[in-house]
Amino acid sequence: QVQLVESGGGLVQAGGSLRLSCAASGRTFSSYAMGWFRQAPGKEREFVAAISWSGRSTYYTDSVKGRFTISRDNAKNTVYLRMNSLKPEDTAVYYCAVDSDRSGSNATRTYPHEYDYWGQGTQVTVSS
């Protein structure tokens with residue numbers, strides 16, 4: 001069983017930055033690939049970024065490439081999402097999740113059903 005708790009969301013002006021954190025419980029966190037997703041009001045949950053267990057492989061949706069960076073600190077059982085140059089269209093609830101592929105090496109899975117543990121989400125609001 002893995003429990004995830006996101007933090008770091010808030011209200012920021014367009015062009016600003018935020019860093020989201022996802023703290024995980026469980027001794028085997030370091031062996032899992034992780035992902036960040038987001039869901040805006042009235043829209044489906046969408047993939048943002050993923051990272052392999054080692055951190056050596058990462059993958060981003062096109063709309064955030066060059067602006068967002070996913071990273072992890074396995075010693076702290078934490079995954080991060082650094083978000084720069086934020087835009088109003090980035091406004092959403094952001095969720096972290098554990099990839100159900102327990103090999104941990106796959107950082108390219110982008111569908112919510114491919115992830116089986118989820119946090120409660122943290123709200124990010126970008127004003128124009």
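**Entry 1: Threonine 122**

I started with threonine 122 and found it in strand E11, residues 122-127. Strands here are DSSP runs of at least two residues, helices (H or I) are runs of at least four, and both are numbered from the N terminus. Before going further, I noted that this is a predicted model, where local features need pLDDT of at least 70, side-chain atom pairs count only at pLDDT 80 or more, and totals for chains, interfaces and linings use all residues. I also noted that residues are numbered from 1 along each chain as its sequence is written, and that side-chain values use heavy atoms, with hydrogens and water left out.

Is threonine 122 buried or exposed? I read a relative accessible area of 10%, so threonine 122 is buried. The cut-offs are under 20% for buried, over 50% for exposed and in between for partly exposed, with a 1.4 Å probe and protein chains only.

Next I listed what threonine 122 touches, not counting residues up to four places away in sequence: Glu6, Ser7, Gly8, Gly9, Leu20, Ala92, Val93 and Tyr94. Contact means heavy atoms within 4.5 Å. With glycine 9 I found a polar detail: its backbone nitrogen lies 3.2 Å from a polar atom of the threonine 122 side chain.

**Entry 2: Arginine 38**

I moved to strand E4 (residues 34-39), where arginine 38 is found. Its relative accessibility is 5%, so I put arginine 38 down as buried. Leaving aside neighbours within four places in sequence, arginine 38 is in contact with several residues, including Glu44, Val48, Phe68 and Tyr94. I also checked tyrosine 95: its C-alpha atom is 5.9 Å from that of arginine 38, although the two are 57 residues apart along the chain.

Which side chains make polar contacts with the side chain of arginine 38? I found serine 63 at 3.5 Å and aspartate 90 at 2.9 Å. A polar contact is a pair of N or O atoms within 3.5 Å; within protein, one must be able to donate a hydrogen and the other to accept it, and residues adjacent in sequence count only if both atoms are side-chain atoms.

**Entry 3: Salt bridges**

How many salt bridges does a search of the whole structure find? The search gave me 6. A salt bridge is a side-chain nitrogen of Lys or Arg within 4 Å of a carboxyl oxygen of Asp or Glu. Side chains of opposite charge can pair when their charged atoms come close.

I found glutamate 46 bridged to arginine 38 at 2.6 Å, N to O. Glutamate 46 is partly exposed at 37%, while arginine 38 is buried at 5%. I then saw that Arg38, Glu46, Arg67 and Asp90 are linked in a network of salt bridges.

Aspartate 62 and lysine 65 also meet in a salt bridge, at 3.0 Å from N to O. Here aspartate 62 is exposed at 59%, and lysine 65 is partly exposed at 47%.

For arginine 102 and aspartate 116, I noted 2.8 Å between the closest N and O atoms of their salt bridge. Arginine 102 lies in the loop between E9 and strand E10 (115-118) and aspartate 116 in strand E10, so the pair ties together parts that are 14 residues apart in sequence. I marked arginine 102 as partly exposed at 35%, and aspartate 116 as partly exposed at 35%.

**Entry 4: Positive phi**

Last, I looked up two backbone angles. Asparagine 77 is not a glycine, yet has a positive phi of about 55°; I located it in the loop between strand E7 (68-73) and strand E8 (78-83). Serine 85, not a glycine either, has a positive phi of about 50°. I placed serine 85 in the loop between E8 and strand E9 (92-99), and at 41% relative accessibility serine 85 counts as partly exposed.
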